[in-house]
Amino acid sequence: DLDVLLGVLPPAIAKAVTDANDSDNLLEVILDLGRLPTARFVEREVVLTDSEVTHADIDYVVQRIGEFDADNRAGLERTLHRISAIRNRRGHIVGLTCRVGRAVYGTTDIIQDLIESGKSLLILGRPGIGKTTQLREAARILAETKRVVIVYTSNEIGGDGDVPHPAIGRARRMQVATPSLQHEVMIEAVENHNPEVIVIDEIGRELEAAAARTIAERGVQLIGTAHGNTLENLLLNPTLSDLVGGIESVTLSDEEARRRGTQKTVLERRSAPTFDVLIEIQTRDRVAVHHDVAESVDALLRGYPLQPEIRTRTPDGKIITERAVIPAEVRQTTQSQGFRRQSNGALQRSTPPSPKQPVVNEAPQTGTRETPLPATRIYPYGVARNRHTVEALAQYVYEEGFATRLMRVEDLFAPELLDT
């Protein structure tokens, strides 16, 4: 469909894009008033002409595309291309981003087993990394055997116009007129159209996160995307943290704080996560998978982050799965870390306490001679006092693959020894 997008561009600019002869890697064409038009490719940016963009160039494009919605996005009938507008303070268009939309098949092979598992999936990634492409392909695959409804504000998944793009297969779609109303359309999709799967693109508002939780609690599989690189980014985002259970401050008793080896006020997960599995798209051919979001969040808040499963697609199409291992020196610096809430309400990773120096007994000075005694190191005795150390050891044994499951302190010692 690239010819359709080139057909709405001014002839000189469209010819320059064609002459660049790299349409497979073309991402978007930028038209800013008073600047040179540019084309952005995967790994480079090219100036298209020596003439600055004029009002006539922008009007040429606007007259040949659909109407702009409240989010300043427009599309082309039955294509996946998206044209986004930049307006001045008087509402006049002074810039256009013409983004190329592609229906790429076979991109979900790296996570297809997760898509077909029936669990709710949240896909994280920076803009332009390929989240929407995978979301579209996931909807097409699931629609072959299930009732799938897509809810989105732009034309990127199912195309613009009243007729859906064939890339979504048998899936149905519900377009959202105004981005602020997306949460209402999400609930409407469940109540009116009896879906088995809801596909949501760009969850970015608190109301949308709340609607996603409501849908998940009704037994509907959710597949959604959000901007962010890692689980930690999402956890520190106050608007979207509820997608992974949310965070609240908890005050521990003195005994529990000593047992954990932490401060009295700690952060814990507030509720069950909306999504069961979280996928971090690192590159187009590499993803990190958190199979149990609840377990990953709990471990991250307590300062023992569980390493995700890393999946890589080789050039010949083979999928390699591996579990990342934290180097020993990194593990030592993160063991005593966690998160704490600052006075302004923001979350911050707490710094590990400085290691305690050994206690040294020195003989009193007599005259000018010093007779130091041998250094004496004092270690705590008993299970209760060493619980934090034993938990760290069990975590290390599990991560290194020496144990098939994460052992608890109660699994390692007799009940009568736990209070010693």
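Colleague: Which helices and strands each supply at least two residues of the lining of the second largest pocket?
Modeller: They are β1 (26-32), α5 (131-142) and β14 (277-283). Helices (H or I, at least four residues) and strands (E, at least two) are DSSP runs, numbered from the N terminus. This is a predicted model, where local features need pLDDT of at least 70 and side-chain atom pairs count only at pLDDT 80 or more, while totals for chains, interfaces and linings use all residues. Residues are numbered from 1 along each chain as its sequence is written, and side-chain values use heavy atoms, with hydrogens and water left out.

Colleague: Okay, and what's the volume of that second largest pocket?
Modeller: About 930 Å³ for the second largest pocket. Of the 35 residues that line it, Gly-128, Ile-129, Gly-130, Thr-133 and Arg-284 are the closest to its centre. A pocket here is an open set of points on a 1 Å grid over the protein atoms alone, where a 1.4 Å probe fits, with protein on both sides within 12 Å along at least five of seven lines; lining residues have an atom within 4 Å of a point. The volume is the space filled by probe spheres set on the points, and grid points are joined across faces, edges and corners.

Colleague: Which element gives the most to that lining?
Modeller: That's α5, with five residues.

Colleague: Switching topic: how many salt bridges does the structure hold?
Modeller: It holds 20. A salt bridge means a side-chain nitrogen of Lys or Arg within 4 Å of a carboxyl oxygen of Asp or Glu.

Colleague: What does Arg-218 pair with in a salt bridge?
Modeller: With Glu-191, the closest N and O atoms being 3.8 Å apart. Arg-218 sits in the loop between α7 (206-217) and β11 (221-227) and Glu-191 in helix α6, so this pair ties together parts that are 27 residues apart in sequence.

Colleague: Is Glu-191 buried or exposed?
Modeller: Glu-191 counts as exposed because its relative accessibility is 52%. Arg-218, at 43%, counts as partly exposed. Buried means under 20% relative accessible area, exposed over 50%, and partly exposed in between (1.4 Å probe, protein chains only).

Colleague: Where does Asp-298 sit, and where is Arg-269?
Modeller: The two side chains meet in a salt bridge (2.9 Å, N to O). Asp-298 is in helix α10 (residues 293-301) and Arg-269 in strand β13 (residues 265-269), so to speak distant parts of the chain, 29 residues apart. Asp-298 is partly exposed, with a relative accessible area of 25%.

Colleague: What about Gln-182, buried or exposed?
Modeller: Gln-182 is buried, with a relative accessible area of 1%. It belongs to helix α6 (residues 182-193). Its C-alpha atom is separated by 7.1 Å from that of Thr-153, 29 residues apart along the chain.

Colleague: Last one: where is Phe-402 found?
Modeller: Phe-402 is in the loop between α12 (387-399) and α13 (409-412). Phe-402 counts as exposed because its relative accessibility is 65%.
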